[in-house]
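I have a new notebook page open and a structure to get to know. Here is what I looked up, entry by entry.

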Amino acid sequence: MPLALLVICLTFTTSSPPGPALTARVPASLGGAGQDVGRSCILVSIAGKNVMLDCGMHMGYNDDRRFPDFSYITQNGRLTDFLDCVIISHFHLDHCGALPYFSEMVGYDGPIYMTHPTKAICPILLEDYRKITVDKKGETNFFTSQMIKDCMKKVVAVHLHQTVQVDEELEIKAYYAGHVLGAAMFQIKVGCESVVYTGDYNMTPDRHLGAAWIDKCRPDLLITESTYATTIRDSKRCRERDFLKKVHETVERGGKVLIPVFALGRAQELCILLETFWERMNLKAPIYFSTGLTEKANHYYKLFITWTNQKIRKTFVQRNMFEFKHIKAFDRAFADNPGPMVVFATPGMLHAGQSLQIFRKWAGNEKNMVIMPGYCVQGTVGHKILSGQRKLEMEGRQILEVKMQVEYMSFSAHADAKGIMQLIRQAEPRNVLLVHGEAKKMEFLKQKIEQEFHVNCYMPANGETTTIFTNPSIPVDISLGLLKRETAIDAKKPKLMHGTLIMKDNSFRLVSPEQALKELGLAEHQLRFTCRVHIQDPRKEHETVLRVYNHLKGVLKDYSVQHLPDGSITVESILIQATAHLEDQGTKVLLVSWTYQDEELGSYLTSLLKKGLPQSTS
Amino acid sequence: MLDCGLDMTSTLNFLPLPLVQSPRLSKLPGLVLKDGSTFLDKELKECSGHVFVDSVPEFCLPETELLDLSTVDVILISNYHCMMALPYITEYTGFTGTVYATEPTVQIGRLLMEELVNSIERVPKAQSASMWKNKEVQRLLPAPLKDAVEVSMWRKCYTMPEVNAALSKIQLVGYSQKIELFGAVQVTPLSSGYALGSSNWIIQSHYEKVSYVSGSSLLTTHPQPMDQASLKNSDVLILTGLTQIPTANPDGMVGEFCSNLAMTVRNGGNVLVPCYPSGVIYDLLECLYQYIDSAGLSNVPFYFISPVANSSLEFSQIFAEWLCHNKQTKVYLPEPPFPHAELIQTNKLKHYPSIHGDFSNDFKQPCVIFTGHPSLRFGDVVHFMELWGKSSLNTVIFTEPDFSYLDALAPYQPLAMKCVYCPIDTRLNFIQVSKLLKEVQPLHVVCPEQYTQPPPSQSHRTDLMIDCQPPPMSYRRAEVLTLPYKRRYEKIEIMPELADSLVPLEIKPGISLATVSAMLHTKDNKHVLQLPPKPPQPPTSKKRKRVSDDVPECKPLKPLLSGSIPVDQFVQTLEKHGFSDVKVEDTAKGHIVLLQEAETLIQIEEDSTHIICDNDEPLRVPEGRKVKFCCSDAV
């Protein structure tokens with residue numbers, strides 16, 4: 001299966017004025033991460049801007065298929081010209097592993113955004129991965145150390161909640177995601193259209209990280225991972241107890257425990273867990289952490305302590321949680337030592353490196369145990385043993401029989417179904433798009449989301465485009481004079497307002513009709529109506545006027561009815577004057593005069609007066 | 001409310017708080033007034049010709065009388081020095097709003113407050129002097145007490161519970177984060193380059209932009225550089241927190257600091273550096289880190305004594321994102337951004353919470369001590385002033401610019417110790433200000449009055465003032481200033497359904513108009529226009545309605561008309577509609593159209609039309625419409 005990109009486009013069709021920019025199309029097409037947990041790479045087109053979200057590689061492949069097929073983005077022309085920016089959500093290789101290949105080998109010179117910790121740690125992991133692939137496996141046609149360095153030079157580090165103006169229209173903003181150190185969700189915004197991409201996230205705080213958080217930003221589209229789409233995980237406490245029990249039992253009976261991990265992330269979480277357990281239980285069996293990354297990794301955690309959870313941040317001056325007493329650096333020779341031990345070794349999916357070496361050494365002994373604390377991609381040894389395979393074909397046709405116990409414990413900091421729903425509730429998106437999950441599970445979650453939130457939910461396959469239509473309102477400038485006139489009395493009550501929209505070039509301004517005339521140098525054309533109404537009333541003129549006045553005042557309670565000193569009556573701006581009929585003294589003539597703008601009220605008054613005055617009026 | 005600083009110069013009028021009983025201070029003579037009366041001799045003491053209040057030191061609060069602080073919605077903090085009065089405001093004025101500040105500002109601000117509270121609370125003083133504050137009494141006192149302002153408003157230090165309560169009201173923000181306030185304005189902190197987490201603020205609506213520039217630096221020290229570009233296009237730029245020592249070059253001062261320090265130590269003397277626990281001290285330690293080996297000072301112990309010394313050194317290392325580029329790069333390695341980590345590791349720099357405990361065992365002379373408070377009125381510095389003041393081998397080096405060093409030293413006179421004044425103030429000087437203003441081009445500049453004239457002591461230095469066009473608007477304490485701009489527009493959103501219903505008309509090439517009659521909804525200061533509700537269907541029942549039911553409920557407004565009516569065309573239209581007896585008369589200003597049968601007269605002029613009908617009311621409406629259509633436009 002060729003790996004393409006997941007593409008999501010938010011595009012607008014703008015009709016010519018008057019209906020200014022009314023409909024927005026959000027097509028989405030894609031090449032990586034759709035219905036698959038392999039590697040993430042999503043292309044979003046929003047209002048003419050193209051943003052690539054993550055640039056991951058697939059751990060399960062050793063050939064071209066490990067990287068996304070960037071020719072999906074553009075067949076001809078440079079990526080730099082097509083993409084406005086690239087955003088990396090966190091340092092896991094399935095989210096950033098293809099970055100040097102993409103920027104240095106395929107060729108991209110535009111900005112790449114990530115948080116500070118990601119920028120710090122990402123090159124370390126890339127280099128580590130490169131070493132395993134090139135130096136150990138001897139592969140060629142792979143990115144070099146220099147390429148990693150050159151690639152990182154294109155990276156712009158962002159703060160949490162900082163609004164980064166990529167260009168005049170495109171802005172992005174990072175939110176805390178709690179998946180690993182420095183993991184972030186990103187909001188991508190153009191005008192009033194926006195997309196939120198979660199990357200991987202965790203909605204429950206753990207021993208070293210806080211919970212993901214986003215404000216009610218109401219994006220048009222929320223692209224969320226769905227690794228654990230159907231899992232409602234039992235309480236974390238239970239899982240931890242289970243884990244500790246299994247480790248403890250194995251160690252007690254003299255077995256060795258292998259915990260394959262990635263150098264940064266869950267490793268620190270489990271280290272904290274074991275460290276406190278060892279301390280409490282006063283255990284003596286050695287705990288090791290493989291690879292030279294350990295020291296370094298923990299150092300990153302110390303320096304980026306502001307990205308950890310509140311408890312660790314508060315106490316770090318007194319006690320730094322990342323200075324371990326019981327956990328020592330691992331030496332390759334230790335693997336053959338007799339007696340129990342616990343070893344954290346990289347990488348986490350048993351697909352290469354030290355964890356795989358140790359696994360091969362220990363696999364044959366049923367006293368030993370391997371605990372897989374995270375998800376394993378198809379094709380990796382980790383995935384194979386988790387799916388029950390006990391005879392593995394290794395390199396050189398060698399068959400490895402697995403007798404050691406294999407345990408899976410979900411410690412990956414992904415949101416479960418409950419967490420995903422919670423995030424949707426927080427952000428209130430208008431559409432949801434599921435990625436980074438398995439099709440069957442996603443289908444289930446999709447239904448749940450549609451039921452509960454009544455929003456559209458999409459789950460595109462790799463290489464598929466999803467288009468989402470939005471219907472944005474149009475921002476215009478309203479003159480403060482007009483607005484104040486309308487909101488002067490009771491700002492909270494909705495009220496009818498009248499104005500003139502001036503559309504010039506690309507600006508829309510709503511002003512009062514008078515101002516519009518003035519601005520455009522037009523003279524007003526006054527249209528006035530005058531009607532004669534005959535009333536039978538033998539009394540004197542001013543008495544008739546008074547009767548009319550009282551009558552109108554009684555009927556038109558909500559209007560301003562005034563009796564002027566010159567004997568005329570006004571209702572709002574409508575003028576009523578009474579004269580005696582030239583021939584018939586018993587008949588009075590009422591002149592009702594109004595402008596076109598008062599048409600309704602004027603004709604209402606005329607017909608009202610034609611009905612005559614009520615007899616009861618004194 | 002922009003910033004919430006505390007004027008601590010008031011403490012200079014008080015006697016120092018010694019950590020151990022000081023015979024010298026306790027023997028100071030009480031004040032005898034000119035007329036020989038001695039009723040103040042318990043409260044006021046004389047030392048080398050200066051008079052000091054013998055009481056717990058007190059601080060001068062920000063103006064709180066001018067307005068009701070419970071009406072303040074938001075306080076924006078620009079740096080940790082500018083938040084020291086926060087507990088007084090948040091806890092005692094009925095303030096219920098939100099305070100916004102960056103994380104380093106809050107963390108280090110907390111350390112500064114903690115140190116302040118600690119150094120005052122650990123030396124309980126029974127006496128609290130108040131008699132001298134009486135206006136009648138104050139008048140009789142010698143300067144500077146006589147001239148001290150608002151003494152009745154001076155307050156004792158707050159407590160830690162008050163500090164914690166105040167800090168809990170702060171909302172953390174990051175640089176370039178856009179924060180919506182009540183839907184009406186947006187505020188954004190920008191890096192100001194002066195201290196860890198220090199910010200300038202932009203306060204803007206869709207059309208107006210006010211920049212608040214306070215405590216900014218263009219020099220390269222440890223914080224992230226100042227963000228100047230985002231200050232462009234400001235309608236008003238409020239400029240404050242410039243350097244207190246415009247004539248001193250910070251780099252030169254650092255050099256002088258190092259050489260004086262080295263000289264003293266080489267001669268066997270001790271060096272005392274009164275300082276705040278955060279800020280310039282990081283830069284000084286970094287300089288010393290590079291300097292001590294070459295100057296042969298490797299064996300001289302450096303002590304940093306403060307209840308928050310450890311926290312300050314630790315915190316400085318975890319704010320990588322708020323640091324200058326070089327320091328950020330170090331964190332990527334990963335290495336601590338500040339070299340004082342190495343000084344601590346190699347035991348060259350030691351830190352202690354106070355002079356008691358471990359310090360007394362480790363203390364070796366000659367040495368260099370960094371400790372607070374820079375006012376020399378409280379904190380561990382008081383002890384070392386008393387201890388080392390009598391020997392001319394020792395040196396006190398003043399680096400903090402907030403206090404006059406002569407005033408600070410006054411209660412320690414006579415003094416044999418050498419005094420060196422190396423104020424290091426990295427904030428903007430006047431040359432940098434004019435460069436900045438040229439760069440960002442605000443329409444108006446607003447600043448405190450003292451920046452608009454040369455300093456009183458150097459009245460010929462016209463270069464030591466803000467020079468810009470148009471000249472800055474200045475303000476002084478408790479003055480109300482009206483900013484010179486007029487708001488004209490506001491944003492409003494037209495819902496898509498309404499937009500669809502609009503009928504635009506091209507009036508001039510490229511300019512179209514559409515009349516809009518819509519429901520205006522306003523919520524949280526956001527305005528939205530929606531389609532007006534459909535007029536209710538006329539009731540089908542035949543029941544006679546009461547007259548008042550017919551009263552039009554809302555006045556559906558007709559558009560204004562514009563243009564003129566071509567008479568011939570108009571007559572044709574009328575005839576087409578069945579008016580056979582149309583007569584047209586010319587008048588001076590236009591025409592009169594007579595419809596005899598309809599008893600109607602129509603006066604048509606250039607910019608007005610008047611329809612007068614005697615009887616036949618029903619005709620009026622179609623005619624009106626016709627007139628309208630003949631008019632070229634409806635606005």
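This is a predicted model: local features need pLDDT of at least 70, side-chain atom pairs count only at pLDDT 80 or more; totals for chains, interfaces and linings use all residues.

**Entry: a serine to begin with**

I started with Ser217(B), which counts as buried because its relative accessibility is 1%. Next I asked where Ser217(B) is found in chain B. Its place is the loop between β9 (209-214) and β10 (236-240) of that chain.

Which residues does Ser217(B) touch, leaving out those up to four places away in sequence? I noted Ser192(B), Gly193(B), Tyr194(B), Met226(B), Thr426(B), Arg427(B) and Leu428(B). For Thr426(B) I also have a distance: its backbone oxygen lies 2.7 Å from a polar atom of the Ser217(B) side chain.

**Entry: how confident is the predictor?**

I looked up the scores for the model and found ipTM 0.84 and pTM 0.85. For chain B, the average pLDDT is 88, and 92% of the residues score at least 70. I then marked residues 539-556 of chain B, where pLDDT stays under 50. The model has 23 contacts beyond four places in sequence for that stretch. I marked residues 628-635 of chain B too, with pLDDT below 50 and 33 contacts beyond near neighbours in sequence.

**Entry: the nonpolar cores**

How many residues does the largest nonpolar core have? I wrote down 267, with Phe243(A), Phe359(A) and Phe370(B) having the most contacts inside it. I followed Phe243(A) and found that it touches Ile259(A), Leu270(A), Leu273(A), Leu274(A), Ile371(A), Met409(A) and Phe411(A), not counting residues up to four places away in sequence.

**Entry: where the chains meet**

I turned to the contact between the chains, which takes 92 residues from chain A and 95 residues from chain B. Chain A and chain B bury about 8,200 Å² between them, and 61% of that is on carbon and sulfur atoms. Which three residues supply more than any other three of the area chain A buries against chain B? They are Leu303(A), His525(A) and Tyr596(A), with 9%.

I then counted pairs across the interface of chain A and chain B: 24 residue pairs are in polar contact, and there are two salt bridges. On the side of chain A that touches chain B, strand β26 (residues 495-504) gives the most, with ten residues. I also looked at Lys178(B), which forms a salt bridge with Glu171(A), the closest N and O atoms being 3.1 Å apart.

**Entry: salt bridges over all chains**

A reminder to myself: side chains of opposite charge can pair when their charged atoms come close. Over all chains the count comes to 39 salt bridges, and I picked a few to follow.

Glu323(A) pairs with Lys302(A), with the closest N and O atoms 3.5 Å apart. This pair links distant parts of the chain, 21 residues apart: Glu323(A) is in the loop between α9 (310-315) and β16 (327-329) of chain A, and Lys302(A) is in helix α8 (residues 293-303). Glu323(A) counts as partly exposed because its relative accessibility is 46%. Lys302(A) is also partly exposed, with a relative accessible area of 22%.

Asp380(B) forms a salt bridge with Arg122(B), and here the closest N and O atoms are 2.9 Å apart. I traced the two along chain B and found them 258 residues apart, with Asp380(B) in the loop between β14 (368-371) and α12 (381-388) and Arg122(B) in the loop between α3 (103-121) and α4 (135-138). Is Asp380(B) buried or exposed? At 2% relative accessibility, Asp380(B) counts as buried, while Arg122(B), at 26%, counts as partly exposed.

**Entry: a network in chain A**

My last stop was a network of salt bridges linking Arg78(A), Asp81(A), Glu104(A), Asp109(A) and Lys154(A). Arg78(A) has its place in the loop between β5 (49-53) and α1 (79-82) of chain A, and is partly exposed, with a relative accessible area of 45%. Arg78(A) and Asp109(A) are 31 residues apart along the chain, and their C-alpha atoms are separated by 9.5 Å. Their side chains are joined by a polar contact of 3.4 Å.

Methods. Residues are numbered from 1 along each chain as its sequence is written. Chains are lettered from A and ligands numbered from 1 in the order in which they are written. Side-chain values use heavy atoms; hydrogens and water are left out. A nonpolar core is a set of buried Ala, Val, Leu, Ile, Met, Phe, Trp, Tyr and Cys residues joined through side-chain atoms within 4.5 Å. Buried means under 20% relative accessible area, exposed over 50%, partly exposed in between (1.4 Å probe, protein chains only). Contact means heavy atoms within 4.5 Å. pLDDT is the predictor's confidence in each residue, from 0 to 100. Buried area is the accessible area (1.4 Å probe) that two parts lose on being put together, summed over both. A salt bridge is a side-chain nitrogen of Lys or Arg within 4 Å of a carboxyl oxygen of Asp or Glu. A polar contact is a pair of N or O atoms within 3.5 Å; within protein, one must be able to donate a hydrogen and the other to accept it, and residues adjacent in sequence count only if both atoms are side-chain atoms. Helices (H or I, at least four residues) and strands (E, at least two) are DSSP runs, numbered from the N terminus.
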